[in-house]
Amino acid sequence: GQPLPLKETKDAAPAWLTNATRFFVALLVDDQDAEVGAILCDAEAVARIGGALLLLPRSEIDAQATTGAPSEEAKMSMSEICNNLSGPLNETRGNPHVRARALTALDGNVPDWLGAAPARLVCVHAGGGTIAIIGR
């Protein structure tokens, strides 16, 4: 595998609040199925990261990223990546045990807690796209 070209961005505005329709979310739930966080990815990140996992040709990844319409396969791959990201979260001392639900379109249905979440890590992909890990 190759390193993922992500760079943390400090003080990023929560774009999922102002442009929710271009975002996908994998809610993080604890063992009681309560929402304790989320992994948010914009359509461009889903196309680029999910497409890379699928080993799609760069031209196909770029086309999906440019149109903002990742394929179902890219969405399923990104969903698997979100599931794998829950592993390191579980290994961090003090964190609750979590699992990621399947990635779905945010479609403007932003949970109230998402905008005021106290913990968040926002990264941008070198080719374009944003991924955010939010703790409640």
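**Strand pairing, pockets and cysteines**

Modeller: Lys7 has Val124, in strand 6, as its bridge partner, and please keep in mind throughout that this is a predicted model.

Biologist: Which way do strand 1 and strand 6 run relative to each other, parallel or antiparallel?

Modeller: Strand 1, residues 6-8, pairs with strand 6, residues 119-125, in the antiparallel sense, and the pairing extends over 3 bridges.

Biologist: And what is the bridge partner of Val124 in strand 7?

Modeller: Thr130 is the partner of Val124 in strand 7. Strand 7 covers residues 130-135 and runs antiparallel to strand 6, with 6 bridges joining the two. In the hairpin that these strands form, 4 residues lie between them, and Gly128 takes a positive phi near 120 degrees.

Biologist: Which residues other than glycine have a positive phi, then?

Modeller: Asp33 is one of them, with phi near 70 degrees, and Leu55 is another, at about 60 degrees.

Biologist: How exposed are Asp33 and Leu55?

Modeller: Asp33 counts as partly exposed because its relative accessibility is 38%, while Leu55, at 74%, counts as exposed.

Biologist: Switching to pockets: what is the volume of the largest one?

Modeller: The volume of the largest pocket is about 570 Å³. Its lining consists of 23 residues, and those closest to the centre are Leu4, Pro5, Arg48, Ala52 and His125.

Biologist: Which elements give two or more residues to that lining?

Modeller: Helix 2 (43-53), helix 3 (58-67), helix 4 (72-91), strand 6 and strand 7 each give two or more residues to the lining of the largest pocket. Helix 2 gives the most, with 4 residues. Sorted by class, the lining of this pocket has 16 nonpolar, 4 polar and 3 charged residues.

Biologist: Since helix 2 came up, is it mostly covered or mostly open?

Modeller: Helix 2 is mostly covered, with 8 of its 11 residues buried. The buried residues are Ala43, Ala45, Val46, Ala47, Arg48, Ile49, Gly50 and Gly51, and Arg48 is also among the residues closest to the centre of the largest pocket.

Biologist: What about the second largest pocket, how is it lined?

Modeller: The second largest pocket has a volume of about 250 Å³, and it is lined by 13 residues, of which Val36, Leu89, Asn95, Ile134 and Gly135 lie nearest its centre. The elements that give two or more residues to its lining are strand 3 (35-42), strand 6 and strand 7. By class, the lining of the second largest pocket has 9 nonpolar, 3 polar and 1 charged residues.

Biologist: Next topic, cysteines: how many disulfides does a search of the whole structure find?

Modeller: The search finds 0 disulfides.

Biologist: What does Asp42 touch, leaving aside its neighbours in sequence?

Modeller: Asp42, which lies in strand 3, is in contact with Arg22, Phe23, Phe24, Gly129 and Thr130 once neighbours within four places in sequence are left aside. Asp42 counts as buried because its relative accessibility is 2%, and the cut-off for buried is under 20%.

Biologist: Last one for now: where does Ser79 lie, and which residues does Ser79 touch?

Modeller: Ser79 lies in helix 4, and, not counting residues up to four places away in sequence, Ser79 touches Arg101, Ala102 and Leu103. With a relative accessibility of 16%, Ser79 counts as buried.

Technical notes
Residues are numbered from 1 along each chain as its sequence is written. This is a predicted model: local features need pLDDT of at least 70, side-chain atom pairs count only at pLDDT 80 or more; totals for chains, interfaces and linings use all residues. Side-chain values use heavy atoms; hydrogens and water are left out. Two strands pair if DSSP finds at least two bridges between them. On a 1 Å grid over the protein atoms alone, a cavity is a set of points where a 1.4 Å probe fits but cannot get out, and a pocket is an open set with protein on both sides within 12 Å along at least five of seven lines; lining residues have an atom within 4 Å of a point. Grid points are joined across faces, edges and corners, and a volume is the space filled by probe spheres set on the points. Ala, Val, Leu, Ile, Met, Phe, Trp, Tyr, Cys and Pro count as nonpolar, Asp, Glu, Lys and Arg as charged, and the others, Gly among them, as polar. A disulfide is a pair of cysteine sulfur atoms within 2.5 Å. Buried means under 20% relative accessible area, exposed over 50%, partly exposed in between (1.4 Å probe, protein chains only). Contact means heavy atoms within 4.5 Å.
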